[in-house]
2 protein chains.
Amino acid sequence: MVTRQEDFSKWYLQTIQQADLMDYSPVRGCMIFKPDGYEIWEHIQKAMDARFKEEGIRNAYFPMLIPESFFNKEKDHIEGFSPELPWVTEAAGEKLEERLALRPTSETIIGDAFSNWIQSYRDLPLEINQWANVFRWEKKTLPFLRTSEFLWQEGHTAHADGQEALDRTMRMLQIYKEVVEGVLAVPVVDGEKTPSERFAGAVSTFSIEAMMQDGKAVQAGTSHYMGTKFAEAFDIRYLNTDNEHVYAHTSSFGVSTRLIGAMIMTHGDDKGLVLPPAVAPTQVVFVPVGPWQKNPAILDKIHELQAQLKAAGIRCRVDDSNNSPGFKFNEWELRGVPVRIECGPRDLENAQVMMKARDLDDKVAVPFDNFLASVQAELASMQGRLLEKARQMNQANYYTDINSLDELKAHIESKRAAGQVPGWVLAGWDGTEESEDKIKEETGFTTRNIPFAGQVPEKATCIVTGQPAKHTVWLARAY
Amino acid sequence: MVTRQEDFSKWYLQTIQQADLMDYSPVRGCMIFKPDGYEIWEHIQKAMDARFKEEGIRNAYFPMLIPESFFNKEKDHIEGFSPELPWVTEAAGEKLEERLALRPTSETIIGDAFSNWIQSYRDLPLEINQWANVFRWEKKTLPFLRTSEFLWQEGHTAHADGQEALDRTMRMLQIYKEVVEGVLAVPVVDGEKTPSERFAGAVSTFSIEAMMQDGKAVQAGTSHYMGTKFAEAFDIRYLNTDNEHVYAHTSSFGVSTRLIGAMIMTHGDDKGLVLPPAVAPTQVVFVPVGPWQKNPAILDKIHELQAQLKAAGIRCRVDDSNNSPGFKFNEWELRGVPVRIECGPRDLENAQVMMKARDLDDKVAVPFDNFLASVQAELASMQGRLLEKARQMNQANYYTDINSLDELKAHIESKRAAGQVPGWVLAGWDGTEESEDKIKEETGFTTRNIPFAGQVPEKATCIVTGQPAKHTVWLARAY
């Protein structure tokens, strides 16, 4: 196994395959989600979906194929997505009259439906979510993080006024942050994307961004305020209380299976995956040790303890294969199982097991009579530790004292020379696309987002021009 | 509203739209699942998925696009599906070298993956399920029952020997029967499809079939034993304990969103939907009656009772709109809400509410102090009643004493003349495709399935030829 330090990309690709999360497929840029990889997604879905339902957002399902004419209704939208669309041109042996795109996102087809469903202020707000597969024919792909087909949820809402739509946008960003930090233990910074990084057709786009161990950023979730742009394109109008036909204000928001990649790149170590207990397909693995095959009482005891965990809803399994304990330890560490329980003849005598958390070096003895509570506490504790550890990694790699492009280039150079990651840089920006382009061209860094007021110390001058800064932005290389 | 008797098809289309389950879409044959329609699917998914997991079948996700060359590997498979496939021929502005089909089912792409994953007998059984959208470009479509895009689950398993694969096939049919009868309250008959009705590429196909109120059949779920046909096409071989490379035996099985249509056509009445409590998006609706707006204690009490139900996990809502009670009653009956609770001033005085089940004519008084238990009992009771009522409808429309095509034609004619449904006919069949074709041409009836041994009285002679019957089959018109 290559280490993260030696080659982070290679480490990532090795880890996800050896841990059996995914496989490549014969279709360019499309991956297979194997059971352990898919189950992580199921746990993310469950956590997100429960919160959507609490918000009163209901699931629905819209056709995957979108007529070409729909894209052409919103100019920015088609410009943004057309370079990446796959098209169905034939079906059932006949050429179609109009090409049908495989959805890259569903604003257009949902906008068309909303225009039929919304007639009066009484029909608002209308708040819908969809769990679906989407397609973006990417040139460069990377499993989980950027694939031609991926899985996601997309929320779409319509409101009587702009403030309510904007509130929804901000609320969903908050929910994303809570789930990504709380369930995936991945800390994020939230803020607004710059105009050049906006969703195609949005008035404003907000994101949560996460720092990977190689210092690069992953955009982990976005929410968009559309103003009345899609309402105008699709004629989503309603009769207000003054009996006027006016446009609704819409929003959309999404997170995808790229969260799985972000979680792996945040927590993994040189032994393999490190999975937060909340999403681990197996949370606890039992490994019998010593001459356990000659002593059936050991496996009996393990099954008794396993039953306790199962009854408490903990996902666990027993590795009673004939492999050596050392082989098993490596295997389950590679797969990122949060807690390992060892039990051998001496443990049985002492009425205890040995417990090891994936992220700690030492084992601890746990008496039988305190077993369930100890495991529960360790799982909860590990969930918190992973978030804290990732926060500390982030803190150590945020730089706030870099004030010119030359300083930024020198910083990147010196970090690389030292075998360290350049991390993220908080910079002043004059708000022009020219400055943004220049940062990218000269350093490879891009604007991640503009933190909300009060979250970071404001920078006075633009890192490119030295002119007064209009915004303070996070800069980083990004996936 | 048209009645079922007047025009069953029209009644169905009116009901599903007015009850807000679906909408048409701008894409030919593709429908929109609105929140109430989609939520029914979510309840079906939950029930099925829990049982799959109990069986040790794990979820995964495979690419939706399937290279044309994959289809060509299994001759029967491509013949069966090619007339219905939509094709992606262009992506990201370029013509593709090989056409990619939108999956109609995933045996081929999963077979290819299995050939990589299965090397040794230790890798078996391999049992995978996928929840996905699939495409079959149908000429005639009907919402839920036959759409160009639909949602389903498809299980795919590989086993060391044929008996184990066949056992899995039969076990899944049993699970489908349990869920469709237990959760959707739709009674089914199980059996084997005739060779001409087999899944394209299967050695044997089994089905559950349900009778609708118009006497037509819906194939409600299928499971397939593939023998080694797909293993040979995709080279799924393993090293057995004798160190020989041998082919695995595979199976597949699926149910889809057509179950929603079958459920509606089984239980609906002339007032609209009748939903089994297990899948109803709203299980209980509260309607305040009398001068409730002047008496806030009524709504307070209703909210208190609603909180009791919510705490018990019952999906409920309060209709406190300004519509009249009569309007509300009609509205919630149309939407099929299982239980309605009315509360007015006199009820408050008597410390009771009035409870009405969707499928019964009379209201009953329920004292406040027995409220939760009464509602729970009524929901459970209605679930059972709907199944029993549908079983009785089936029993009344099975015909077992029709022994020739002339008798069958006369039977259909007399039923139609009387405004009754022709129902299903249990018939002897000589096992030839010629006889099957002749039944279809002359009566429109098709073979549904061959009941398993001992389930029905065996017929001695073929309904077409009068020769000794090889099988006893269910015949019906089908969706």
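These legends walk through several close-up views of a predicted model.

Residues are numbered from 1 along each chain as its sequence is written, and chains are lettered from A and ligands numbered from 1 in the order in which they are written. Because the model is predicted, local features need pLDDT of at least 70 and side-chain atom pairs count only at pLDDT 80 or more, while totals for chains, interfaces and linings use all residues; side-chain values use heavy atoms, with hydrogens and water left out.

**View 1. Chain A as a whole.** Chain A contains 14 helices and 24 strands (helices are DSSP runs of H or I with at least four residues, strands are runs of E with at least two, and both are numbered from the N terminus). Its radius of gyration is 25 Å, close to the 23 Å that the globule rule gives for 479 residues, so chain A is as compact as a globular protein of that length (the radius is taken over C-alpha atoms, and the rule is 2.2 Å times the number of residues to the power 0.38). The C-alpha trace of chain A spans about 80 × 55 × 50 Å along its principal axes. Of the 479 residues in chain A, 59% are buried (buried means under 20% relative accessible area, exposed means over 50%, and partly exposed is in between, with a 1.4 Å probe and protein chains only). Among the contacts in chain A with a separation of 6 or more, 69% join residues 24 or more positions apart (contact means heavy atoms within 4.5 Å). Chain A exposes about 18,800 Å², and carbon and sulfur atoms supply 46% of that area (by the Shrake-Rupley method with a 1.4 Å probe; for residues, only the protein chains shown count as cover).

**View 2. Two helices crossing in chain B.** Two packed helices are described by the angle between their axes and the distance between the axes. Here, the axes of helix H2 (residues 35-54) and helix H8 (residues 258-267) of chain B come within 10 Å and cross at roughly 105° (axes are lines fitted to C-alpha atoms, for helices over the stretch in contact, and angles run from 0 to 180 degrees between N-to-C directions). That makes H2(B) roughly perpendicular to H8(B) (angles under 35 degrees count as roughly parallel, over 145 as roughly antiparallel, 65 to 115 as roughly perpendicular and the rest as oblique). From H2(B), the contact uses Gly37(B), Ile40(B), Trp41(B), Ile44(B) and Met48(B), and from H8(B) it uses Leu259(B), Ile260(B) and Met263(B). These residues divide into 7 nonpolar, 1 polar and no charged (Ala, Val, Leu, Ile, Met, Phe, Trp, Tyr, Cys and Pro count as nonpolar, Asp, Glu, Lys and Arg as charged, and the others, Gly among them, as polar).

**View 3. Glu39(B) and its neighbours.** Glu39(B) also sits in helix H2 of chain B. With 13% relative accessibility, Glu39(B) counts as buried. Leaving aside residues up to four places away in sequence, Glu39(B) touches Arg58(A), Pro281(B) and Arg315(B).

**View 4. Gln45(A) in helix H2 of chain A.** Gln45(A) belongs to helix H2 (residues 35-54) of chain A. Its relative accessibility is 19%, so Gln45(A) counts as buried. Apart from residues up to four places away in sequence, Gln45(A) touches Tyr38(A) and Trp131(A).

**View 5. Backbone features to look for in the loops.** Most residues other than glycine have a negative phi, and most peptide bonds are trans. The peptide bond from Leu124(A) to Pro125(A) is cis, with omega near -5°, and Pro125(A) lies in the loop between helix H5 (107-117) and strand E7 (126-135) of chain A. In chain B, the bond from Leu124(B) to Pro125(B) is cis too, with omega near -10°. Ala185(A) is not a glycine, yet has a positive phi of about 55°; it is found in the loop between helix H6 (162-182) and strand E9 (188-192) of chain A. At 0% relative accessibility, Ala185(A) counts as buried.

**View 6. Ser207(B) in its strand.** Ser207(B) lies in strand E10 (residues 204-211) of chain B and is buried, with a relative accessible area of 0%. Ser207(B) and Thr222(B) are 15 residues apart in sequence, and their C-alpha atoms are 4.3 Å apart in space. Not counting residues up to four places away in sequence, Ser207(B) touches residues including Leu173(B), Val189(B), Thr222(B) and Arg448(B).
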